[in-house]
Each structure stands twice: as C-alpha cells, then as structure tokens.
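The following paragraphs are meant to be read beside the sequence and the coordinates.

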Amino acid sequence: MKRIIGHVKGKEPGPVLVFFGGVHGNEPSGIQALEHVFKELNRDPLPVKGNIYGIAGNIPALLQKKRYLDRDLNRIWLKEEIREMEEGTPKNVTSEDQQMLAILEVIRDLLTAHQEPFYFIDFHTTSSKTLPFITINDAMINRKFARQFPVPIILGIEEYLEGPVLNYINEYGYVAVGFESGQHASEEAKINSIAFFWLCLVNSGALAGESLKQYKNCLQQLKQSAANNRSFYEITERYAIEPQDSYTMEPGFESFELVPKGTTLASHNGKTVATTKKGILFMPLYQKQGAEGFFMIKRIPKWILGISSLLRKVKADYLLASLPGVSWKDKSKSQLIVNLRVARYYSKAIFHLLGYRNRTLDSEHLLIKNREKVARNELYKDAPWF
C-alpha cells in the first residue's frame, strides 16, 4: 500500500486539500473512498483549482485490519515525543511511531511545496451505529468551514483526547476537520466519505458546484444519513478505560442516542456502569481496542454560538487575564494558567465561549489554550465560506 493514495493538480492556483484515511487500521472506509474518488478524477478530470492529496495512515495496521499494532496512531502526535524521536532519543520506537514520522514528513513536504490555504480532512468511522458527524478543534475558521456541511458538529474533543493528528495540525493554524462517516466497514460509511470529499472540494473553492454533476446528490446523501441534524454539540464527559481492563458495552447503543438517568451502559472490570443523569450518548465502544468506553454530549444552543463568535471577534479573552487566579503562561498570550485555589468557581463555559479549552496541569492548576491565536484567518478571507 502506497502512502500517497492520489494527487490531482489543478491548472489554476487554489487551495490545498489533504485527506487522510486509515489512521486507524480497522477503519477502511476512508481509504476506500479516497481510492474511489481519485480513480474518478483520473478517469474523468474536473476543472479543479489548487492541489488535492489523499494520504494513507497506519499502513501496517490497515494490512492487519487492526486499530493499531502497538500504540494508537491518533494519540501520539505530541511535540515532546516527536522531538525525542527526531533527535534519536526515544525510549522505545513502535510501529506507530514510524508511521507518524513518515506521515509527518509528507505533511512538512506539502507545507513547504505550497503557499495556498490548506484544508486537512481526516476520515474516520466508529464501532457503533452513528449519524455522520464532524469533529473540530474550536477555532472559528473550523466552525465556519464545518457549517457548510449538513451534519452534526462536535466541539471540545481536544479537552478529552491527547495527541490526535488534527490537534497537531491545528498548531499550524490551518483549517482541520475530522469526519466520522458511519460504522466501520459499512457501505454507507464509504458512500458518506465520498460525498464529503466532493463537498469539501466545492466548499473550499477547489471546484465550482456547477462543475460537479453529483453535487446535489452528495448534499442529499449526507442530509439523509444525518437525519437532517445540523446541530452543534459539546462533549461533557469521557469514560476512560485502560488496555488491561475488562470492558463490555451493553448491546444496541448508538451515537446521539438519548439515554435516561440510571441506564446501564456497560460492564467495567465486573462492575456495572450506569448513567448518573439523562444525556446524549456518543461513540460507545464496540471493539477490543480503544481507551474511551463512551462519551456524553449536549447540544449547544444557537444563541450561545452567536455570543461566542461575537466575543472572539472583539477579542474579549484579554479580559480573562485580569481575573484573580488567571494569568498568561508566556508572552505569546495564547495560553492561560488558572490557579484553582483562587479561581475554582469560574465556569468552564466562560472559557469555552472565548475559545479556550483546558488541560489539567496538576491538582491546583489548569492550562487553557486558545485556538484563535494561531488561526490563519487571513489565508481564508477570500474563501466562499469565510
């Protein structure tokens, strides 16, 4: 299997779209979709602007049809670990480490070769039945681009997962979205990924809508598969499990399913796991590998999204540093340190409104980071969605 699944170069300048498939080896739909669309583009060229790339993820795991062989490739994109590997001082080099370095080399080559605005799209599927949905790090350029697609959008996953490839790419300030197309290996997941690919070309300006004969069909496919759900959601809980744990979900649960308080969800090390309050279940685990048993999410009202957008536009986040117990981490003013002994009563929702997502440093401090500081808004100002 080749790392570069396909590359199409347009006759005119335009955006650079980089699609990843198979970052998890038991999720073949993204690879299948990319192979399909590049075959179509080679057989019937379209008036594309810019460049389009398809990148294969965890090739050894894909060949063995496993999520990963040694480590989850979508949890190891950490600056310190990358630095150690590149300096030749890692404690242990795994198959996934080697895959990450190979993919990172491709990303860096693309960033060097092109100056146009970049769009990074990561195709995934889930072990449970689900509506197709988008996951993004909460920067306004990601929100604005994601809004163009007729599927639900999930915010806040970066607070609960460490080391996804899109988290790393977001440090460059480019548009980056994850698309979960459906259940593993289902035909619908492949079809949804294909539809999403074509809509990415149109929504980014790489291809005019009138040049794509299946444009309306792609829109309809995703609308129908997503049950006309275009809401924004926020993750409120992650149920973590360890590799050595015994964990089994009760059968039949689906993502976006409303579950009442007291619902038995799973068995974890011989103990029953039940909901403590009513909520919306998200990505229940129905596979052997994985560190998340399930998530819980809640819908974000439109008026909250509007206030958030306004506050970020006027850069109201600078007021946060004047609050007791809150200070800038360094001169870049992209991260804040929150002293919980002083600021324990500040609502997480306030930080979220202003674009900050938190990481626990220790029992008394939070590190909260703003994606807006690195977002390269100026690159996208001429895009049709901006």
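At 44% relative accessibility, N269 counts as partly exposed, since buried is taken as under 20% relative accessible area, exposed as over 50%, and partly exposed as what lies in between, with a 1.4 Å probe and protein chains only. The model is predicted, and for that reason local features need pLDDT of at least 70 and side-chain atom pairs count only at pLDDT 80 or more, while totals for chains, interfaces and linings use all residues. Residues are numbered from 1 along each chain as its sequence is written, and side-chain values use heavy atoms, with hydrogens and water left out.

N269 is found in the loop between β11 and β12, where helices (H or I, at least four residues) and strands (E, at least two) are DSSP runs numbered from the N terminus. Once its neighbours within four places in sequence are set aside, N269 is in contact (heavy atoms within 4.5 Å) with D245 and S246. The side chains of N269 and D245 are joined by a polar contact of 3.4 Å; such a contact is a pair of N or O atoms within 3.5 Å in which, within protein, one must be able to donate a hydrogen and the other to accept it, and residues adjacent in sequence count only if both atoms are side-chain atoms. From N269 to N51 the separation is 218 residues in sequence and 49 Å in space, C-alpha to C-alpha.

Strand β11 (residues 264-268) is joined to β12 by 4 bridges, pairing being assigned if DSSP finds at least two bridges between two strands. Among these partners, S267 is bridged to T272 in β12.

Elsewhere, 8 of the 9 residues of strand β7 (residues 175-183) are buried, so this strand is largely enclosed by the rest of the structure. Strand β4 (residues 118-126) pairs with β7 in the parallel sense over 7 bridges, and Y119 stands opposite V175 in β7. Strand β5 (residues 133-136), by contrast, pairs with β7 in the antiparallel sense over 3 bridges, with E180 in β7 as the bridge partner of F133.

Which residues touch the most other members of the largest nonpolar core? Of its 74 residues, they are F19, W77, F120, I134, F196 and F197, where a nonpolar core is a set of buried Ala, Val, Leu, Ile, Met, Phe, Trp, Tyr and Cys residues joined through side-chain atoms within 4.5 Å. Helix α7 (residues 187-204) gives the most to this core, with 9 residues. A second, separate core of 14 residues includes L131, I157, Y160 and F256.

Beyond its neighbours within four places in sequence, F197 is in contact with F19, L34, V37, F38, L41, I52 and F123. The count of aromatic pairs comes to 30, and F19 and F197 form one that is tilted, at 4.4 Å centre to centre and 35 degrees between the planes. Rings of Phe, Tyr and Trp (its six-membered ring) pair if their centres lie within 6.5 Å, with planes under 30 degrees apart counted as stacked, over 60 as edge-to-face and the rest as tilted. This pair links distant parts of the chain, F19 lying in strand β2 (residues 12-21) and F197 in helix α7, 178 residues apart. F19 counts as buried at 0% relative accessibility, and F197 counts as buried at 1%.
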